[in-house]
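Subject: Handing over the model

Hi,

Here is the structure we talked about. Please open it next to this email; my notes follow below.

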There are 2 protein chains.
Amino acid sequence: MNAANISRPQLKIRRISLDTGRENVVVISRRSKALRPEIFRGFSRVELRCNSKVLLATLILTDDGLVAPDELGLADPAFRRFGEPVGGLVTVTPVTPPDSLDAVRAKIQGRALTASEISAIVDDVTHYRYSDMEIAAFLVGSASFMTSDELLALSHAMAQAGTQLTWDVPIVVDKHCIGGIPGNRTSMIVVPIVAAHGLTIPKTSSRAITSPAGTADTMEVLARVDLSVDEMKQVVTVCNGCLVWGGHVNLSPADDIFISVERPLSLDTREQMVASIMSKKIAAGSTHLLIDLPVGPAAKLRSPIEAMRLRKLFEFVGDHFGITVEVVTTDGSQPIGNGIGPVLEAQDVMAVLANDPSAPADLREKSLQLAARLLEYDPQLRGGTGYARARDLLESGAALKQMNKIIDAQGPSGCRTDLGTLTSDVPAPRSGVVEAIDCLRLNRLARTAGAPIDTGAGIKVFKKIGDRVEQGEPLYRIHAFDDSEFDLAVSAAKIDAGYVLGSRSSRNGP
Amino acid sequence: MNAANISRPQLKIRRISLDTGRENVVVISRRSKALRPEIFRGFSRVELRCNSKVLLATLILTDDGLVAPDELGLADPAFRRFGEPVGGLVTVTPVTPPDSLDAVRAKIQGRALTASEISAIVDDVTHYRYSDMEIAAFLVGSASFMTSDELLALSHAMAQAGTQLTWDVPIVVDKHCIGGIPGNRTSMIVVPIVAAHGLTIPKTSSRAITSPAGTADTMEVLARVDLSVDEMKQVVTVCNGCLVWGGHVNLSPADDIFISVERPLSLDTREQMVASIMSKKIAAGSTHLLIDLPVGPAAKLRSPIEAMRLRKLFEFVGDHFGITVEVVTTDGSQPIGNGIGPVLEAQDVMAVLANDPSAPADLREKSLQLAARLLEYDPQLRGGTGYARARDLLESGAALKQMNKIIDAQGPSGCRTDLGTLTSDVPAPRSGVVEAIDCLRLNRLARTAGAPIDTGAGIKVFKKIGDRVEQGEPLYRIHAFDDSEFDLAVSAAKIDAGYVLGSRSSRNGP
């Protein structure tokens, strides 16, 4: 079919202001002579070639003047990914489906895939050669079963597909939480403690996707987080650690693409979660990894048995790639810390680091526990003294000093740091003891209030499980900037505040 | 979340000239205040509400003047499906994923679905509530296994989801071929024979999707085929039969949506094929159905065993729904008839009906065999006389008369009926006997030449399996209108003409 490239006219690139997310979209006039009849159909997939570059895109046809018949309109994301200038000449052909789709079909039919087949799939996905539905076919086909070898091959291929960091030190520690718990911003306390001690901890984090804040969003309240690989390395050289957004570092880019399909489908298999996390850690050059699995009634893991199954998979993959993996299960029954939303969470973090007496004790204690385990990886430290060392570094102000050093090194973000000025306290409907808090509900309310887009929006929690409340006493405060979002969050909280109040005695006595 | 509908401004519908195929696409200004923060992302899915109507669509954001901040740009297909006027006020909310996706996830995890779950899925798919990747998730999840009950439930739900035809006669016959064989336009001969006899045969056909002609494309050379349900019924009342395009009749619309996802994924499971075909026949009100399964090295079915498995499934579903199903396996090793492409195939059909001595004997014979089986369903006909009756109706000119009556009743199409004027004969590279013909290859060449878009483009076959050819003697002739398509087809035929020539003796003797 190469002859097609010769006999059809080429089209001139034009950039058009359409944000199509991760999808490459190209707009072509229906009067264009560049299209072969078999691709004269909206939403078919086409292959664009310019010089030696190739981009696969979804075709939209137009009848009006948005693009001329001799032009090719590239939506912004496609324009960026193609990297060719306006006016560049492009040939358009029907898409040749990636060869690796044969392996996807084999998987659907129940065959285990080889490492090279998995590697080819990941390579094609990373280079945007798969459509959403093709990615869905791979993920769903893999969801029914994945062998241990396939899991290893997938983790490896995903790690290889992007940036691979190397560090000139024997021990590179990292921590990861599978998420789902409001607040819980332990990384921002653990990193400065561990870095102050002298271990290397180059932490990359994600932004919120369905939650009211990711660690990257919260850190951005304090410092710039969209560092390049070189900038990140520079910060780690100076500070032993960093707290940056993983998006610019391009670790395991296939993972981000898989997640963008898994999420709307609510696909959630253990193997895919493990491959996702471990591929990023392998690519990040971690040697010692602590994984936090919160377990609770509204957490991602509902029972210790689920957590144990997941733990085994992490250990299996870690062992194979020579990474020391330690998995801890933690209490995931309620928020950790008081703030939910970037500014509120950043305030909690800084209060803990500053040894402020009003700082949330649960966030402080959990962070110390996690930091202690990481410090134990230091061969120089006497076994069992990790906790005491972590506490010393926190109480002495060394951790706060290290955090400020990291903040300075990463530079200012320009992010708004003020709290939402529209506030409303959500009162207890009756007196009683807090028996349960619905983490999902609080996350949703904080998001409705505007977090993470409005960094100062969110929820400040006043009451935790076991606390006694009197009728009318505030359970938490909603913060927002936007009137309509504020109204929405307040009325949603009236319908379901997310608290269960019982009559049993409080943890602080009757 | 209903409060969202109140507090966000509504947007005014504007129609924009974008052909996005089966996907609903909406374009909104990034400056619009109608978007909640969680949907500020390109290619997220949104729900549009206007009066009581709801449409799910894929969001594209724009920064320039394509739409104003208070406008909502609906791409053509979305505009048509929404059915609301320009200027209509629309609220935009994030999509609430259809509840039936829970069943899809259960299916992925290996559970058999209930009839009501399958019915909910089909209903949501039919109403464009599923994204492509969600449809892919269902199809791939079902590809690994589907129980007999699931197959019945799927066929039933698909049949219920669109138009359901009823006829005031006890016997309604139909025929269906699973396709893949070039030419093979038997329906256009079988329908007039059976209708001339007096049986009711309301035939709906598809257009070509990957082939150079569907029955609807070929019939359109002779008559209008895009009839509404009422027009189709009118034709059947007058003529006992019709030959119309199924697209306007809206039989099993979910099927068309499933196929649009199965095709790019090359998903091809027996159960899905049977549900697809049987749902359309159930909805069409057929009581007796003849299914033609061509078997051959380049056909959809490669072996009699594959055909038998498929036959059992058709019989199983037919029995359940009270449809008498008869399945015949036929020779799928080469084209049936001489023409490949709408005009060429229509010429073959009319030559057979006119008893033209030069008419292709294989097309005539196969059509008589199929018509004979359908005629045997007539209780008034003495058993075993179907073939003789079919031949009488053909030879007496009654079938031709009936075909002309159907053509008149359906009306003129305005379609081009002339043959492609650019022609090139493809010569035999050496002398020998035709041992095999690659059906896939000839289909692709005819399509490259411009069929079915250019109705007069295609291939006229001169040599069939068993024929002796001398070096340089034409195997077939390529017809085209478009210079570049003609060049492409001619050069592709030079690379691989699709014929295997051997030295064994010809079927017509040495």
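I begin with helix packing. The buried residues of helix H3 of chain A pack against helices H4 (115-126) and H5 (132-143) of chain A, and also against helix H5 (132-143) of chain B. Keep in mind that this is a predicted model.

Which residues of H3(A) are buried? H3(A) spans residues 101-108, and its buried residues are A:Leu101, A:Ala103, A:Val104, A:Lys107 and A:Ile108. They lie on the same side of H3(A), because they cover an arc of only 155° around the axis. Just after H3(A) comes A:Gly110, with a positive phi of about 105°.

Next, the two chains. Chain A superposes on chain B by a rotation of 179°, with 0.0 Å of shift along the axis and an RMSD of 0.1 Å. That is the relation of a two-fold axis. Which C-alpha of chain A is nearest the axis? It is that of A:Met133, 2.1 Å from it. Both copies use the same surface: 100% of the contact residues of chain A recur in chain B.

Now the cores. The largest nonpolar core has 273 residues. Those with the most contacts inside it are A:Ala136, A:Val194, B:Ala136 and B:Val194. What does B:Ala136 touch, leaving aside residues up to four places away in sequence? In chain A, it touches A:Met133, A:Ala136 and A:Ala137. In chain B, it touches B:Val261 and B:Leu265. Another core, of 57 residues, lies apart from the largest one. Among its residues are A:Val25, A:Ala34, B:Leu11 and B:Val26. As background, nonpolar side chains in soluble globular proteins tend to be buried together.

On domains, the assignment for chain A gives four entries:

- domain 1: 3-94
- domain 2: 101-145
- domain 3: 173-256 + 281-410
- domain 4: 422-502

The centres of domain 1 and domain 3 of chain A, taken over C-alpha atoms, are 44 Å apart.

Last, a sheet in chain A. Three strands form an open, antiparallel sheet in the order S17-S15-S19. Which strands are at the edges? They are S17 (468-469) and S19 (499-502), each pairing on one side only. S15 (residues 432-437) runs antiparallel to S17(A), and two bridges join them. A:Gly432 stands opposite A:Val469 in S17(A).

Best wishes

Methods: Residues are numbered from 1 along each chain as its sequence is written. Chains are lettered from A and ligands numbered from 1 in the order in which they are written. This is a predicted model: local features need pLDDT of at least 70, side-chain atom pairs count only at pLDDT 80 or more; totals for chains, interfaces and linings use all residues. Domain bounds come from an automatic or database domain assignment. A residue is buried if 20 or more other C-beta atoms lie within 10 Å of its own, exposed if 12 or fewer, and partly exposed in between; C-beta atoms are placed from the backbone. Helices (H or I, at least four residues) and strands (E, at least two) are DSSP runs, numbered from the N terminus. The arc is that of the directions from the helix axis to the C-beta atoms. Two residues are in contact if their C-beta atoms, placed from the backbone, lie within 7 Å. Copies are superposed by least squares on the C-alpha atoms of residues with pLDDT of at least 70 in both. Two strands pair if DSSP finds at least two bridges between them. A nonpolar core is a set of buried Ala, Val, Leu, Ile, Met, Phe, Trp, Tyr and Cys residues joined through C-beta atoms within 7 Å.
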